[in-house]
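Welcome! Let's talk through some ring contacts together, with questions and answers.

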Amino acid sequence: MDQFEGFLVNEVDIARAREEMLAGFGSLDAKRPTAWRAFGYPDTVTFAQLLAAYRRGGPGHGAVHRLLDKCWQERPRIKTAGSEDETPWETKVAGLFKERRLWAKLRDLDRRNMVGRYAALIYRVADNLPLREPLQRAVRLVDVVPLYEDQIRVTDWHSDEAAENYGQPAMFQYRTRPVQGADTQGRPETWIDVHPSRVQILAEGSVGDMFDGVPLLEAGFNSLIDLEKITGGSAESYLKNSARTMVFQYEKDAQLQSIGPADGQSGKTVRQVHEEQAKALNRNIDAAIVMKGGTANTLQTQIADPESPWGVAACTFAASVRIPFTILFGQQTGRLASDEDRADFVERCKSRQENELTPMLEEFVRRMQAAGVIEPGEFDVEWPPLDAPGDDDKMGLLGKATAAMHQAFTAGVQGLFEPNELRAIVGYEPLKEIDLSEGGDDSSEPGGETEEGESDPSIA
């Protein structure tokens, strides 16, 4: 025991403090800093774990694609700034996106970004220069390559403190093979140098540093572990009971040596004989057991109802990804998500489109303009409304509008809605107005009277 500044320091306390320090600071419980280790939660969530949760976990995969599919429900419009009609510039841009399948690859970039801290997009252009050289001007865009976090790395940084690009990557390397764990059938792995001018980074949640990106599944990773434990443990308990684990009980005077083959030459022990009998029972429903002076029972495991603890973990995970529970998991009772849940999810996706996806698309178009792939010019990114009513909703709105017209007419108010306004509610084209100036006044019929009440002299 040592003394330090008047305090007695116990060696056991020192060892405990060192152990807690090495255990990390994962747990939120100050009294139990190693609680996460006891619960099976990792102190640091790696990309490999996030990728596994996305690929092999239903809740993780569902959360990524719920958000991805809703945000990319319809493709945005890249249009000339201040113009509602399609311009030649917009037509050329739309043709480029369609020819190179850019929408699908930009959408895939977003998917990879949600799995890891960041994702990257490699520009492959026709400029007769290797990827490690800066991108200046290009004849055309050849392709874009979306990459996961572990498919790209920084190999050199700008270290001049007086330069504007201090602390920014000076060179990247990207892996030409898929992510770890994928079946590449022996394809060689190659790391290729890429200049930053040919790389676009998408790191959601970051304001500049790619390593500050926030993976979608990181906050709820502990809940994903809980969901796996609950569902897996419940399934295991069902398996244990269905496997018919046998328990053999004998009286104290039972002749165990007589249990076995009739010839007595096999040399098998009683345990081996019982194991063979148990396997035969589980493989064949017609198998039988021969015993003498004993009984055979099945070992049953108490099955706990997983619904309540699973619901707690699922709600926690839904809160971490900010997707309403009914949207993410649905309802087993057949009840659809409420209007409030749908509206909340739509607002979540609108915010993500505005704050994450629109800047990503704007950066891509501007950099293509700088490279000469897209003609220069001001542009806007316009997303279709996510809350546009469907056919049933439109007919419901039409019914409400006509009911309001009837009530207004009963109250003495006429002309509440015009016919074309009603047709616009359901998306129909407006009625064409008849021009009476060319065909004359149709107010009078042949043989009728003029406005002065006299017969028309032109009619014989």
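Q: What makes Arg112 count as lying over the face of Tyr148?
A: Arg112 is 4.5 Å from the ring centre of Tyr148. A charge sits over a ring if NZ of Lys or CZ of Arg is within 6 Å of the ring centre and within 35 degrees of the ring normal. Likewise, the charged end of Arg153 sits over the ring of Trp191, 3.7 Å from its centre.

A word on the source: this is a predicted model, where local features need pLDDT of at least 70 and side-chain atom pairs pLDDT 80 or more, while totals for chains, interfaces and linings use all residues. Residues are numbered from 1 along each chain as its sequence is written, and side-chain values use heavy atoms, without hydrogens and water.

Q: Why is the pair of Trp89 and Phe379 called stacked?
A: Their ring centres are 6.1 Å apart and their planes are at 20°, so the pair is stacked. Rings of Phe, Tyr and Trp (its six-membered ring) pair if their centres lie within 6.5 Å; planes under 30 degrees apart are stacked, over 60 edge-to-face, and the rest tilted.

Q: Why is Trp89 called buried?
A: Its relative accessible area is 12%, and buried means under 20%, exposed over 50%, and partly exposed in between (1.4 Å probe, protein chains only). Phe379 is also buried, at 12%.

Q: What makes the pair of Trp310 and Phe329 edge-to-face?
A: The centres are 5.2 Å apart and the planes at 75°, so this pair is edge-to-face. Trp310 is partly exposed, with a relative accessible area of 25%.
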